[in-house]
Amino acid sequence: MNVEVVIHCLFSYLSTVTFGIVTNVPRKVLNACGLTGAVGWMIYWSTKNLEAGAIFANFLGAIGIGLLSIYFSRRKKMPMTIFNIPSLVPLVPGGPAYQAVRSIVLGDYVSGIHFIIKVIMTAGAIAAGFMVTGIVERLLKNLLDKNKTILKDSK
């Protein structure tokens, strides 16, 4: 196995679990949060390595986090936000946000605006990924409910 893959998995897991500890996530779901964050980051990292672009990679990573959050929230009977919030830590564009502030403070406004746009687009991609998973969840729920009512009516 490639050492770089193991390092990315390990550190994305650890950053998610550490943020979960800081934000008082229940101990019994820290492992699930770590796994969700690691999967989201690995989707992001793999997609970015395929040269698909950072924005699209964030979008797919957020979809992965959203789907796993739905799964673990149902399995552990806890709110999705317990899994979503810590799992986003690896995807948050902290570097470009820092660069934006730094560029503006140093008077390089063009570069600062460039970084601000990058941060906004990344945040928008993450939000769109969560919207897509929310829509998919509702569609599947409605489809399953309709199937249950059809089965009940046929008996």
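Lys77 is exposed, at 74% relative accessibility. Exposed means over 50% relative accessible area, buried means under 20%, and partly exposed lies in between (1.4 Å probe, protein chains only). Lys77 sits in the loop between α3 and α4 (81–87). Its phi is near 55 degrees, a positive value in a residue other than glycine. Most residues other than glycine have a negative phi.

Glu51 also has a positive phi, about 60 degrees, and is not a glycine. Its place is the loop between α2 (30–49) and α3 (54–76). Glu51 is exposed, with a relative accessible area of 72%.

## Basis of the model

This is a predicted model, in which local features need pLDDT of at least 70, side-chain atom pairs count only at pLDDT 80 or more, and totals for chains, interfaces and linings use all residues. Residues are numbered from 1 along each chain as its sequence is written, and side-chain values use heavy atoms, with hydrogens and water left out.

## The whole chain

The protein chain has 6 helices and 0 strands. Helices (H or I, at least four residues) and strands (E, at least two) are DSSP runs, numbered from the N terminus. The C-alpha atoms fill a box of roughly 70 × 35 × 30 Å, taken along the principal axes.

Of the 155 residues, 35% count as buried. The accessible surface comes to about 9,800 Å². Carbon and sulfur atoms hold 69% of that surface. Areas come from the Shrake-Rupley method with a 1.4 Å probe; for residues, only the protein chains shown count as cover. Among contacts with a separation of 6 or more, 64% join residues 24 or more positions apart. A contact means heavy atoms within 4.5 Å.

## Aromatic pairs

How many aromatic pairs does the structure hold? There are 4. Rings of Phe, Tyr and Trp (its six-membered ring) pair if their centres lie within 6.5 Å; planes under 30 degrees apart count as stacked, over 60 as edge-to-face and the rest as tilted. Trp41 and Tyr44 form a tilted pair, 4.8 Å centre to centre, with 40 degrees between the planes. Both lie in helix α2, 3 residues apart, about one turn of the helix.

Trp41 is buried, at 17% relative accessibility. Tyr44 is buried too, with a relative accessible area of 11%. Elsewhere, Tyr71, Phe72 and Phe83 form one aromatic cluster.

## Ile82 and its contacts

Leaving out residues up to four places away in sequence, Ile82 touches Val25, Pro26, Val29 and Cys33. Asn24 is 58 residues from Ile82 along the chain, and their C-alpha atoms are separated by 9.4 Å.

## Annotated spans and a surface patch

An unreviewed UniProt entry gives the annotation "transmembrane region" to residues 5–22, 29–46, 52–71 and 113–136. Positions follow the numbering used here, feature names are shortened, and annotations may be inferred rather than shown by experiment. Residues 29–46 are 94% helix and 0% strand, and their end C-alpha atoms lie 26 Å apart. Residues 52–71 are 90% helix and 0% strand, with end C-alpha atoms 27 Å apart.

Val3 lies in helix α1 (residues 3–22). Val3 is exposed, with a relative accessible area of 57%.
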